[in-house]
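Please read the following report beside the sequence and the three-dimensional model. It moves from ring pairs to the chain interface and then to the strands.

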Amino acid sequence: MTLVYALAYLLAAVLFILGLKQLSSPKTARNGNFTAAAGMVIALGATVPQLHFTGAGAIIILIGVVIGAAVGTVGARQVKMTQIPQMVALFNGAGGGAAALVAVAELVKFGPHPSLTEGLPSVFSIVIGSVSFSGSLIAFAKLQELMTGTPITYPGQQLVNGLIAAAIIGFVIAVLAIASIPFSFLSLMVLALILGVAFVLPIGGADMPVVISLLNAFTGLAVAASGFTLNNFALIVAGTLVGASGSLLTKLMSDAMGRSLGNVLFGAFGKVQTAAGAVAGKEGRTVRTGSVEDLATLLAYSQRVIIVPGYGLAVAQAQHAVRELADLLEKRGVEVNYAIHPVAGRMPGHMNVLLAEANVPYEQLKEMDEINDEFKNADVVLVVGANDVVNPAARNTPGSPIYGMPILNVDEAKNIVFMKRSMRPGFAGIDNDLLYDPKTIMLFGDAKDSLTKLVNAVKAA
Amino acid sequence: MNSELLNEFTFFVLAVFVGIEVISKVPTMLHTPLMSGTNAIHGIILVGALVIAAGANSPVTIILGLLAVVLATTNVVGGFVVTDRMLEMFKGRQTTRTQEPVQPK
């Protein structure tokens, strides 16, 4: 029978790997998620018959599964598309917390003197799982705007964080070597929870996706460590897969922003620059605003229009309105494409998800490298709620904090229309010269509102 | 190092390589769903949570077990459902559904 369970775990592992593979391609992605879910069902199915239930054990499992399934389903179903990033953070935090608790329970079972091979992975799992748990909650709070999205910094912060980390290492040694301090692993857990908070606080809201991805990889590793403690093959393989692929994904994400991971995590990005942006904004430069009718005429009689969506589009839920406008223009023979910056919105892929929801065809969604040479041929570029990803400072202002980030070459277009709620700078907190460009026309207001007006005006044009 | 630990360590190292290799070529637009999908997969910690919860026999282990099962189940169920919701959106125009009403703000 043991053999059957072992083979079931192997099958689950294979399904996870296949699932990940399928998730990496647009055509098979949805099946990939089902494949991985099937692996999960098999792994769980092979686990239940192996359990030796105590009376209380059976009851708490039943209660726990019902509550968890209800929370998970309702949370995942009810969440708005714009809030998905923070939902992923919450689910990730739950996984990290579970890994830490499993390790604590194992340590309780091992008694005061665990061997190194039992103790070390447990302690690792407690620390990493707890950091992931509390860090994810802070990431959630920042994205949900329960707290400020700007980096929270204070003098000597790195030193304090270093001291917390040092204290954790001290407790790790205490737990493994001395193990006489009562509840030493609970103290360890509390310290790690504090470190998770302290680690995410100085990171700006715009960088949360990278942080969530990193914490996701952390949880994977914590799960793998729990697998070592429990001698469970499925946990080791699945946890490690997530740890490894999650680390790579984290790197890919920070690459897409044109920054190093170290800069994302320790650069307090968006903090100092806020002040600089505010000063630059006071120079008294003027911007050109246009009427909806003028813009409608401009769009209706163009040949090539490129739409650049950003987070403002997501906030305003304007994806359907923007598609309506695009459809209308296409009927008039205008060529319409969407330029998707890798980090537009709050997560890579955020814009694709939203526009796909509005049934915008794949072929019109162009990635940055694909479309960057097309901007110079575009008659109008319509920037809907995006800012930093089109800021030429990234190309020509070496002192700028976003210098070196790959941007969309919107400045090369013949006309630029910015739909923004205000002149406020974007996430990075820096001023955008493009807003003051003579080629630029501003249309202030809620993106959906403006687009709806524009649609009506184009119909009349 | 006993042979079981050696086996486990072997799986671990191989899984690191597979994990990196398997997602090496992923388009940017799938970064978020992929993150969410891997997030669901580490919900496998539910297996561990079930093991500790099943054997719970003291107030401390009962509380630990219950919390672990709740959190891990939330991770698994929420993770897969939210990933599916994201991927559901990736459809071409040929499969156009009835237009969803624009969500009121």
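## Aromatic pairs

Rings of Phe, Tyr and Trp (its six-membered ring) are taken to pair if their centres lie within 6.5 Å, with planes under 30 degrees apart called stacked, those over 60 edge-to-face and the rest tilted. This is a predicted model, in which local features need pLDDT of at least 70 and side-chain atom pairs count only at pLDDT 80 or more, whereas totals for chains, interfaces and linings use all residues. Residues are numbered from 1 along each chain as its sequence is written, chains are lettered from A and ligands numbered from 1 in the order in which they are written, and side-chain values use heavy atoms, with hydrogens and water left out.

Over all chains, the ring rule gives three aromatic pairs. In the edge-to-face pair of A:Phe233 and B:Phe11, the centres are 4.4 Å apart and the planes make 75 degrees. A:Phe233 belongs to helix H9 (residues 233–256) of chain A and B:Phe11 to helix H1 (residues 3–22) of chain B, so this pair joins two chains; helices (H or I, at least four residues) and strands (E, at least two) are DSSP runs numbered from the N terminus. A:Phe233 counts as buried at 19% relative accessibility, while B:Phe11, at 34%, is partly exposed, where buried means under 20% relative accessible area, exposed over 50% and partly exposed in between (1.4 Å probe, protein chains only). Ring pairs also link A:Phe228, B:Phe9 and B:Phe12 into a cluster.

## The interface of chains A and B

Contact, meaning heavy atoms within 4.5 Å, involves 86 residues of chain B and 108 residues of chain A. The two chains bury about 8900 Å² between them, 74% of it on carbon and sulfur atoms; this area is the accessible area (1.4 Å probe) that two parts lose on being put together, summed over both. One salt bridge is found across this interface, the rule being a side-chain nitrogen of Lys or Arg within 4 Å of a carboxyl oxygen of Asp or Glu. B:Asp84 forms a salt bridge with A:Arg30, with 2.8 Å between the closest N and O atoms.

A:Asn232 sits in the loop between helix H8 (208–230) and H9 of chain A and is buried, with a relative accessible area of 8%. Not counting residues up to four places away in sequence, A:Asn232 touches A:Tyr9 and A:Gly227 as well as B:Glu8 and B:Val47. In chain B, eleven of the eleven residues of helix H2 (residues 31–41) are buried, so this helix is largely enclosed by the rest of the structure.

## Strand E4 of chain A

In strand E4 (residues 380–384) of chain A, five of its five residues are buried. In a regular strand the side chains alternate between the two faces of the sheet. Here A:Val380, A:Leu382 and A:Val384 point one way, and A:Val381 and A:Val383 the other way.

Strands pair if DSSP finds at least two bridges between them. Five bridges join E4(A) to strand E1 (residues 304–309) of chain A, the two running parallel, and A:Val308 stands opposite A:Val383. Five bridges also join E4(A) to strand E5 (residues 415–420) of chain A, again in parallel, with A:Val381 opposite A:Ile416.

A:Phe375 lies in the loop between helix H16 (368–371) and E4 of chain A and counts as buried at 0% relative accessibility. Beyond its neighbours within four places in sequence, A:Phe375 is in contact with residues including A:Ile306, A:Val308 and A:Val381.
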